[in-house]
Amino acid sequence: MNDFLHLCAERRSVRRYSAELPSAADLQYIQDCVRLAPSAVNFQPILFRYLSTPEQLSRLWPCYNREWFQTAPACFIVYRNTQTEWVRRFDNKPHGDIDAAIAIEHLCLAAAERGLGTCWVCNYDPEALQAAFPAPEGHTAVALIPIGHPADEPKEKQRKALGDLFF
Ligand SMILES: Cc1cc2nc3c(=O)[nH]c(=O)nc-3n(C[C@H](O)[C@H](O)[C@H](O)COP(=O)(O)O)c2cc1C
């Protein structure tokens with residue numbers, strides 16, 4: 001059974017989308033996969049805001065000023081809850097970013113399985129995002145995840161050899 005390896009190999013960062021919104025069934029499936037993501041101490045300090053109206057999206061675009069970003073028919077803002085995330089007491093390292101990253105990758109892989117494209121976006125302007133969409137109390141944005149039907153076929157990116165990753 002190589003299904004998961006195949007899914008990992010087929011997922012791409014998609015940077016061009018068609019106008020069609022993800023279906024309600026696809027969104028439900030993706031949300032179910034996100035909900036099952038592990039988190040430190042099972043604190044689940046994550047929150048997803050889904051933007052899909054033209055008004056919301058046009059307010060979002062200035063936060064990440066790329067032409068391709070404007071082709072996405074919908075986008076998630078992913079937050080970590082800095083009040084409830086687990087903090088390692090030895091060195092006070094907060095783990096909400098890690099929890100959010102795991103949940104986001106569940107989202108991206110679930111979307112890929114349904115034929116949808118996504119792309120992590122962290123290179124947005126955090127101040128502009130906060131002004132356009134104030135974060136819920138106690139939360140900080142971690143990433144934007146545009147989602148939609150791919151309108152092109154991104155090429156496979158090179159990865160390091162196994163020997164460079166594991167020792
Ligand atoms: C934490 C993180 C942040 C990223 N931020 C951006 C971004 O701001 N803009 C962008 O176009 N791609 C962004 N990417 C996508 C990466 O460029 C992409 O995953 C990488 O080049 C590998 O390509 P692939 O996803 O198609 O395999 C980000 C990816 C990760 C994991």
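Which residue of β2 does Leu51 stand opposite? The legends below take up this pairing after an overview.

**View 1. Overall fold of the predicted chain.** The model is predicted; local features require pLDDT of at least 70, side-chain atom pairs count only at pLDDT 80 or more, and totals for chains, interfaces and linings use all residues. Numbering starts from 1 along each chain as its sequence is written. The chain holds six helices and six strands, helices being DSSP runs of H or I of at least four residues and strands runs of E of at least two, numbered from the N terminus. The radius of gyration, 17 Å, is close to the 15 Å that the globule rule gives for 167 residues, so the chain is as compact as a globular protein of that length. This radius is taken over C-alpha atoms, and the rule is 2.2 Å times the number of residues to the power 0.38.

**View 2. Strand β2 and its partners.** Leu51 stands opposite Cys75 in β2. Strand β1 (residues 46–51) runs antiparallel to β2, joined by six bridges; strands pair if DSSP finds at least two bridges between them. β2 also pairs with strand β6 (residues 139–148) in the antiparallel sense, over eight bridges, with Ala74 opposite Ile147. Of the eight residues of β2 (residues 74–81), seven are buried, that is, 20 or more other C-beta atoms, placed from the backbone, lie within 10 Å of the residue's own.

**View 3. Surroundings of the ligand.** Residues around the ligand include Arg12, Ser13, Cys119, Trp120 and Lys157, where a residue counts as near if its C-beta atom, placed from the backbone, lies within 6 Å.

Key:
A residue is buried if 20 or more other C-beta atoms lie within 10 Å of its own, exposed if 12 or fewer, and partly exposed in between; C-beta atoms are placed from the backbone.
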